[in-house]
Amino acid sequence: MTILPHNAPFTRFADWFAEAQASEPNDPNAMALATADADGAPSLRVVLLKAWDERGFVFYTNLTSQKGREIAANPRVHLNFHWKSLQRQVRIGGTAALVIEAEADAYFATRPRESQLGAWASLQSAPLPDRATFEARLADYDRQFPDVVPRPPHWSGWRVMPARIEYWQARDGRWHEREAYLRAGDGWTHGLVYP
Ligand SMILES: Cc1cc2nc3c(=O)[nH]c(=O)nc-3n(C[C@H](O)[C@H](O)[C@H](O)COP(=O)(O)O)c2cc1C
């Protein structure tokens, strides 16, 4: 079995992501994120990819949200990009780890003020009695932070460190091409998969 170098699956991601950024009309960085609760029940939602390199794929969220609590208890997650106009899918299975504080601070500082206030005001995934309650909380934080809005301690990034990456390209007759990379020590093994 051939062990490929550490960057092998990422050069393909760079190419496909660049093509998606050029061709997808909306949110080419949107990816479905699957988590599982303590009983193994899955849940799935879309998040935005905000950084990626050979270490992994980063998104930001509220750490007390459903996904945040599930990942803290079980860091095994799955990501899925579906670039419809390119008829491509990328599946990434791996383990999530929090980014370092400085990385989260730096990203949070780039967000629009409204989004920063939302990160404070939203008790993400908790029941909301009515919209006015959320708006009152937004106004409270707007007063509390008249200048710079600091990153809330409950808001940060997760980096999904991949163990398996699969590239899927649609072909006529559903004779699709699937190519999977599996982590093997410092490198990767690689092979085709029936469609
Ligand atoms: C295109 C799109 C991008 C989104 N990006 C994020 C994101 O990066 N982070 C986030 O916390 N929620 C994002 N959301 C909202 C999530 O899908 C979800 O509603 C929210 O995070 C609560 O999920 P949870 O209750 O499973 O934790 C996005 C939704 C859409 C449709």
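**Reading a helix and a binding-site annotation**

Student: Which residues of helix 1 are buried?

Tutor: A residue is buried if 20 or more other C-beta atoms, placed from the backbone, lie within 10 Å of its own, exposed if 12 or fewer, and partly exposed in between. In helix 1, P9, F13 and A20 are buried. They lie on the same side of helix 1, because they cover an arc of only 35 degrees around the axis, taken over the directions from the helix axis to the C-beta atoms. This is a predicted model: local features need pLDDT of at least 70, side-chain atom pairs count only at pLDDT 80 or more, and totals for chains, interfaces and linings use all residues. Residues are numbered from 1 along each chain as its sequence is written.

Student: Why do residues three or four places apart point the same way?

Tutor: An α-helix has 3.6 residues a turn, so such residues point the same way. As for the other side of helix 1, T11, A14, D15, A18 and A22 are exposed there.

Student: Where does UniProt place the feature "binding site"?

Tutor: The unreviewed UniProt entry places it at K50, Y107, R111, S115, R174, W175 and H176; such annotations may be inferred rather than shown by experiment. These positions are spread in space, up to 43.2 Å between C-alpha atoms.

Student: Are K50 and S115 buried or exposed?

Tutor: K50 is partly exposed, because 16 other C-beta atoms lie within 10 Å. S115 has 12 C-beta neighbours inside 10 Å and therefore counts as exposed.

Notes:
Helices (H or I, at least four residues) and strands (E, at least two) are DSSP runs, numbered from the N terminus.
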